[in-house]
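Hi,

Here is the structure I promised to pass on to you. Have a look at it first, and then read on for my notes on what turned up.

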Amino acid sequence: MKHTTARPSSLLPLLLVCVLLAPPLAATAGETSPKHLDALLRGSPEEAADAPRDREEDAPADAPRDREEAAPAGAPRDREEDAPADAPRDRPDCPPPSDTGRCLGERLRRLASAPALREARLGALVGRLDDGAVLFSERAGESFLPASTTKLLVAAAALHHLGPEHRFRTEVLSDSQEGDRIRGNLYVRGWGDPSIDAATLLSLAEALRERGIGAIEGRVIVDGAAFDDERLPPGFARRTTDAAYRAAVGAFAAYSGAVRVAIYPGPAPGAPCRVDLGLGGRYFELSNGCRTVAGKASKPTLATERVGDRMRLVVAGQMGSGAPRVVTRRRTEHPELHAAYAFSEALTRLDITLGGGPRLGATPSERQLRITHHSAPLSVLLRPLNKDSDNFYAEMILKALGGEVFGHPATWEQGQRAVMRYLDEVGAAMVKEYAHAAGDEDLFPPALFAAALLDRDAYLFSNGSGLYDATRVSPALLFHVLRAAARDPLSGADFVQSLPIAGRDGTLRRRMRDTPAAGRARGKTGTLNRVNTLAGLVQSMDGARYVFVLLANETTKAHADVRQALDRMVAAISRGCGP
């Protein structure tokens, strides 16, 4: 089956007729309070003490994640009622253009002419968060490769359609039980949880033990019917690398669609190296030609080969007896089958016997539901997506979003349509918001906004991670999405908290450390061959709040040089017009 790519037809006539009649997006009916956003943009340790929900400090990427019990399906949410559309907005007054704004715009213009950017094709838009007034723009209505800033669209659309408290479920069902034995098979039915790991699988196995199950006469059967059979995201087939960032997806998948391979020296020189594949290792055929030698030198190699829906791992080379372990990750060919092996091994580790090896298949009707596992809330899952720029999370959430909005089995085309629907709503809301400023062409250039919001042929959305050249957007479109998502009254705080903090965490932890942007700016990074991007939000030293979108395409300088040039622009916004 051919991968689909969404390029929506022009909706200009329809939007022009309907925009003044349609209700605005939630962000224009009421907004995340300015005080709350101020605290978030400062990157305060408490992540805004007055937030609608308590939030823990951002944990390291490899820290174990706490699992919360799922709230009952009909439980009320602790949310404020939406304010009437004509209610006064709780936000600071936006002053007219000032000398400070002009000064900042000129400073950004000078920084944009740095050698690393002057020789690139730069698209940029910097403006005020509160009213969208533009301070600096460069090709803001043109189409660019956004790289991983594409994930901003997935995060914003998922929060809008599903809500920050949405949890992805995984169900365990079985044939009949007699005593401690299941007289048949155990079925696992996934619905797109991207966060399943070894701890999740072991907790499911432990839950079965607690229910008195000690033996399964049949086997584990994984039911992935919530997703269609297109495991590889659109555009991914252009490369054949086994790198973990190019992971396939599945309705029930573990370890971000990859295997963690840990290689250790053997007990003495001449002995084979030890290879640890974790739970699910039996999914692989392992060929281990690596040998231990004297000393501390370490030169192991790893290659992968596809064997049907399974894989062969070929380990070779040498490891010194005193060398530390070597850890690497590789994508798995069939994430659902790998997860089936991993869950089977979790069961046997807890002394639950199985009559056969794992398989893929459908869940027969009228099977008994044993366990329903719920993921962490969507607001928490978006942190690996944006802070760590996890491609697997992006693609899993995109596809699962399509199924939740349009029905299962989920398809890539459905996920694309869900994002497009959100962009349509952002466009209608923003056009209505900017209607009051029609006469002020310096601050609100009408052509720029029309190109971003009404011309649906001006952008292309394909996969959720921004990998390869499958997605193209304008700086103006990303600018409007950032404004709408950050000011949404129900999910704005969650969206902002998912972004890396400059100099603190995620993909920005080593950037802008000793600049005014440290702790003040939050942004999503993106990198492809000859592409560097950065987009987010910042609160300047004088308290003003800005949105920035910086997309550098066709670069000729080293990635480090281009990143530094973009970082200097964000630092200038953070400084304001001070010295």
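**Serine 298 and its surroundings**

Beyond its neighbours within four places in sequence, serine 298 is in contact with Gln318, Met319, Gly320, Ala323 and Val326. Please keep in mind that this is a predicted model. Serine 298 belongs to strand E13, which covers residues 298-307. With a relative accessibility of 32%, serine 298 counts as partly exposed.

**The chain as a whole**

For orientation, the chain has 579 residues, of which 56% count as buried. Its secondary structure comes to 15 helices and 21 strands. If you take the contacts between residues at least 6 apart in sequence, 75% of them join residues at least 24 apart.

How do H11 and H13 lie relative to each other? The axes of helix H11 (residues 412-434) and helix H13 (residues 475-487) come within 10 Å and cross at roughly 85°. The two helices are therefore roughly perpendicular to each other. On the H11 side, the contact is made by Tyr422, Leu423, Val426, Met430, Glu433 and Tyr434. H13 brings Leu477, Phe479, His480, Val481, Arg483, Ala484, Ala485 and Arg487 to this contact. Sorted by class, the contact of H11 with H13 has ten nonpolar residues, one polar and three charged.

Helix H6 (residues 151-162) also packs with H11, at an angle of about 80° and with the axes 9 Å apart. That makes H6 roughly perpendicular to H11. Here Leu153, Ala156, Ala157, His160 and His161 of H6 meet Ala418, Val419, Arg421, Tyr422, Leu423 and Glu425 of H11. By class, this contact of H6 with H11 has seven nonpolar, two polar and two charged residues. You will find Tyr422 and Leu423 in the H11 lists for H13 and for H6.

**Aromatic rings**

The structure holds three aromatic pairs. One of them is formed by phenylalanine 236 and tyrosine 468, edge-to-face, with 5.9 Å centre to centre and 85° between the planes. This pair links distant parts of the chain, as its members are 232 residues apart. Phenylalanine 236 is in the loop between strand E8 (220-223) and strand E9 (258-264), while tyrosine 468 is in the loop between helix H12 (446-453) and H13. Phenylalanine 236 is buried, with a relative accessible area of 1%, and tyrosine 468 is buried too, at 12%.

Tyrosine 283 and phenylalanine 284 have ring centres 4.8 Å apart and planes at 85°, so this pair is edge-to-face. Tyrosine 283 is buried, with a relative accessible area of 0%, and phenylalanine 284 counts as buried at 6%. Ring pairs link Tyr283, Phe284 and Tyr341 into a cluster.

Two arginines sit over rings as well. Arginine 169 lies over the face of tryptophan 191, at 4.1 Å from the ring centre. The charged end of arginine 274 sits over the ring of tyrosine 264, 4.1 Å from its centre.

**Arginine 472**

Arginine 472 is in the loop between H12 and H13. Is arginine 472 buried or partly exposed? Its relative accessibility is 31%, so arginine 472 counts as partly exposed. Leaving aside neighbours within four places in sequence, its contacts are Ser143, Phe144, Leu145, Pro146, Tyr459 and Leu460.

**Backbone points to look at**

Most residues other than glycine have a negative phi, and most peptide bonds are trans. The peptide bond from histidine 408 to proline 409 is cis, with omega near 5°. Proline 409 lies in the loop between helix H10 (391-406) and H11.

Arginine 139 is not a glycine, yet has a positive phi of about 50°. Arginine 139 is placed in the loop between strand E2 (134-138) and H6, and is partly exposed, with a relative accessible area of 35%. Serine 389 also has a positive phi, near 55°. Serine 389 is found in the loop between helix H9 (378-387) and H10, and is buried, with a relative accessible area of 16%.

Best wishes

Definitions and conventions
Residues are numbered from 1 along each chain as its sequence is written. This is a predicted model: local features need pLDDT of at least 70, side-chain atom pairs count only at pLDDT 80 or more; totals for chains, interfaces and linings use all residues. Side-chain values use heavy atoms; hydrogens and water are left out. Axes are lines fitted to C-alpha atoms, for helices over the stretch in contact, and angles run from 0 to 180 degrees between N-to-C directions. Helices (H or I, at least four residues) and strands (E, at least two) are DSSP runs, numbered from the N terminus. Angles under 35 degrees count as roughly parallel, over 145 as roughly antiparallel, 65 to 115 as roughly perpendicular and the rest as oblique. Contact means heavy atoms within 4.5 Å. Ala, Val, Leu, Ile, Met, Phe, Trp, Tyr, Cys and Pro count as nonpolar, Asp, Glu, Lys and Arg as charged, and the others, Gly among them, as polar. Buried means under 20% relative accessible area, exposed over 50%, partly exposed in between (1.4 Å probe, protein chains only). Rings of Phe, Tyr and Trp (its six-membered ring) pair if their centres lie within 6.5 Å; planes under 30 degrees apart count as stacked, over 60 as edge-to-face and the rest as tilted. A charge sits over a ring if NZ of Lys or CZ of Arg is within 6 Å of the ring centre and within 35 degrees of the ring normal.
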